[in-house]
Amino acid sequence: MKAMLLETPGRALRLVEWPRPQPDAGQILLAVRACGVCRTDLHVFDGELQQARLPLVLGHEIVGRVVEKGAGVERFALGQRVGVPWLGRTCGHCPECARGCENLCTEAEFTGYTLDGGYAEFALADQRYCFALPDCYSDAEAAPLLCAGLIGYRSLMATGEARRLGIYGFGAAAHIIAQVAHWQGRELYAFTKPGDLPGQDFARQMGADWAGGADQAPPEELDAAIIFAPAGELVPQALRHTAKGGTVVCAGIHMSDIPAFPYAILWGERCIRSIANLTRQDGEAFFAVAPRAGVRTEVTTFPLASANEALQRLRAGQVQGAAVLVVD
Ligand SMILES: [Zn+2]
Ligand SMILES: [Zn+2]
């Protein structure tokens, strides 16, 4: 099979002929149709996340058709369309798993990081962590739901009942979750890089009531904020605009250092928290909500062999919505 391989962090992925994997018990082999390109892929590519199992096939927003089943696979039929998310496997017995927080499992494996992912013609997955996908999305449209959508949704849930919601960084996750928040009747305040007027227009199209630069103050105090951009300086910025009792949610897996800030902007029972990974329950909940909320995804597609270009465009902030690799 063809695969785009990460051999050395920081060095371009290489298109290679790679052995097609064989499913073990409980695994399915998917013919990949589409795979989203996530900001996390860039962090792995850059070596900022250091447990990557090299050489590695990146990609954890996989949409594919089941072409082979290992022993004991009953959840999915041959030919069925399946989605594979970031959470690839958990141990089921550590203290975190035991209390229902499988997203925090200490022995978890992650697709496209510690397990090979979807920047390839075929991908293996443990059937227990895969999702059936709503029919209303094409393969490319469904791909970003599998991380941007899921992690975005978990982040949104972490803001509780917050009515006035700020979103910092308006990429793939924000454009999905803005639609859910709008559907839930929240007021949405979108912050982009200063001067990114096309990004601010896009945010308003996706349901934002207000859009401006991250250096601007919103017209109203926020009840909560979600930070999708990996920039630590946004944490005190968001805190300054968040009301007493409000939460600032850091949704990314990696962020630059958070600068020191005065205690006064945290005082008043404001919280800063992170969101790590996802649970299968998040996925089931989100895939039920997305079609009801009328979520649509805006995707820019690239052929598999152009994965390096997709990563560079994402890094440069030149992708509106989500970048997705498609396999013919
Ligand atoms: Zn565990
Ligand atoms: Zn991701």
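Helix α9 (residues 307–315) has four buried residues named here: Ala307, Ala310, Leu311 and Leu314. Buried means that 20 or more other C-beta atoms, placed from the backbone, lie within 10 Å of a residue's own. Helices (H or I, at least four residues) and strands (E, at least two) are DSSP runs, numbered from the N terminus. Gly317 follows α9 and has a positive phi, near 70°.

The model is predicted; local features need pLDDT of at least 70, side-chain atom pairs count only at pLDDT 80 or more, and totals for chains, interfaces and linings use all residues. Residues are numbered from 1 along each chain as its sequence is written, while chains are lettered from A and ligands numbered from 1 in the order in which they are written.

Helix α4 (residues 148–157) is mostly covered, with 9 of its 10 residues buried. Among them are Leu150, Ile151, Tyr153, Arg154 and Leu156. The buried residues of α4 pack against β3, α5 (172–183), β14 (222–227), β15 (242–250), α8 (280–292) and β18. Contact here requires C-beta atoms, placed from the backbone, within 7 Å.

Strand β6 (residues 81–84) pairs with β5 (residues 62–69) in the antiparallel sense, over 4 bridges. Pairing requires at least two bridges found by DSSP. Gly83 in β6 stands opposite Val63. Strand β10 (residues 131–132) also pairs with β6 in the antiparallel sense, over 2 bridges. There, Phe131 is the bridge partner of Gly83.

Technical notes
Buried ≥ 20, exposed ≤ 12 C-beta atoms within 10 Å, placed from the backbone. Contact = placed C-beta atoms within 7 Å.
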